[in-house]
Amino acid sequence: MKIVKVADYEEMSRVAAELLAEQVKQKPDSVLGLATGGTPVRMYQELVELHQKEGIDFSEVKTFNLDEYYGLDKNNEQSYAYYMWDNLFSHINIKEENTHIPNGKAKDISTECASYERAIREAGGVDLQILGIGANGHIGFNEPDDNFEAVTHLVELEESTIEANARFFESIEEVPTKAISMGIKTILNAEKIILLANGESKAKALQEMISGKITPEVPASILQLHKDLTIVIDQEAGSCL
Ligand code: F6R
């Protein structure tokens, strides 16, 4: 595990965008695993700038997002599909058919999850996975005590996750209580992983993830076993290390 300590959110975002851009330069048909939430917003802005200024080419890139809220249509402004188009896809030259996000409105969830897994496999697997981390140690929406062996599945969100994500909704009642998420096993299959964290709310989870024991109570702790993990953290997030 490589730990890159940076000063603040700005630097974390710049470093992460440069790592992503480098991946795409080295392998123009890269398969990228992408995250949503507050953490990567600025990284996506930096990546758009790199595309505009340096001509980073996304025409052959494929993407798979970690998760989507269950019950939200892709046109809903709170959906992760909407987030991805708003923050990244609309501003770069990626082909729509190369972008993948679980369908939160799928009628048959197990078929949706199985076909998401199949699509990742058929694309050749994820070359580089971007992750954030929940204050409760979740990655994707794999909440504490979820199974390490799980692949893409429907998850029940923890009360603490619903509370943390309420800031993106008008009221807490609007936050979906379930999501479709890549499983821990899906995430671990990525060739490389970059986990980003900023702010003191993530400090305890990071400490447990990096130096605690590997346990489903801290889903991110399983990343200790990944062969190519880079963690980019700002001072506040790294304050307990
Ligand atoms: C997002 C995701 C989540 C977030 C995590 C942190 O696609 O899978 O694991 O990365 O909840 O969220 P923020 O960045 O909003 O603190």
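**Helix packing and selected residues in the predicted model**

At 57% relative accessibility, Asp145 counts as exposed, since this value lies over the 50% cut-off that defines the exposed class. The structure described here is a predicted model, and in this model Asp145 is placed in the loop that runs between strand 6 (128–131) and strand 7 (153–156). The backbone of Asp145 has a positive phi of about 80°, although Asp145 is not a glycine. Most residues other than glycine have a negative phi.

The packing of helix 1 on helix 2 can be described next. Helix 1, formed by residues 9–26, and helix 2, formed by residues 41–54, pack with their axes 8 Å apart and at an angle of about 50°. The two helices are therefore oblique to each other, and the crossing of helix 1 and helix 2 is right-handed. On the side of helix 1, the contact is made by Tyr9, Glu10, Ser13, Arg14, Ala16, Ala17, Glu18, Leu20, Ala21 and Lys25, whereas helix 2 contributes Val41, Arg42, Met43, Glu46, Leu47, Leu50 and Glu54. By residue class, the contact of helix 1 with helix 2 comprises nine nonpolar residues, one polar residue and seven charged residues.

Ser13, which lies in helix 1, is among the residues that make this contact. At 0% relative accessibility, Ser13 counts as buried, because the value falls under the 20% cut-off for that class. Ser13 and Asn198 are separated by 185 residues in sequence, while their C-alpha atoms are 9.7 Å apart in space.

Helix 2 also packs with helix 3 (residues 80–87), the axes of these two helices coming within 10 Å and crossing at roughly 40°. That angle makes helix 2 oblique to helix 3. In this contact, Val41, Tyr44 and Val48 of helix 2 meet Tyr83, Met84 and Asn87 of helix 3, and the residues involved divide into five nonpolar, one polar and no charged.

Asn65, at 0% relative accessibility, counts as buried.

Apart from residues up to four places away in sequence, Glu236 touches Gly199, Glu200 and Ala203, and the side chain of Glu236 reaches the backbone nitrogen of Glu200 at 3.5 Å. Glu236 and Glu97, which are 139 residues apart in sequence, are 38 Å apart in space when taken from C-alpha to C-alpha.

Conventions. Residues numbered from 1 in each chain as written. Predicted model: local features only at pLDDT ≥ 70, side-chain atom pairs only at ≥ 80, totals over all residues. Heavy atoms only, no water. Axes fitted to C-alpha atoms, helices over the stretch in contact; angles between N-to-C directions. Helix = DSSP H or I, 4+ residues; strand = E, 2+ residues; numbered from the N terminus. Parallel < 35°, antiparallel > 145°, perpendicular 65-115°, else oblique. Left-handed = near helix turned anticlockwise from the far one by under 90°. Contact = heavy atoms within 4.5 Å. Nonpolar A, V, L, I, M, F, W, Y, C, P; charged D, E, K, R; others polar. Buried < 20%, exposed > 50% of the residue type's maximum accessible area, 1.4 Å probe, protein only. Polar contact = N/O pair within 3.5 Å; in protein donor to acceptor, adjacent residues only side chain to side chain.
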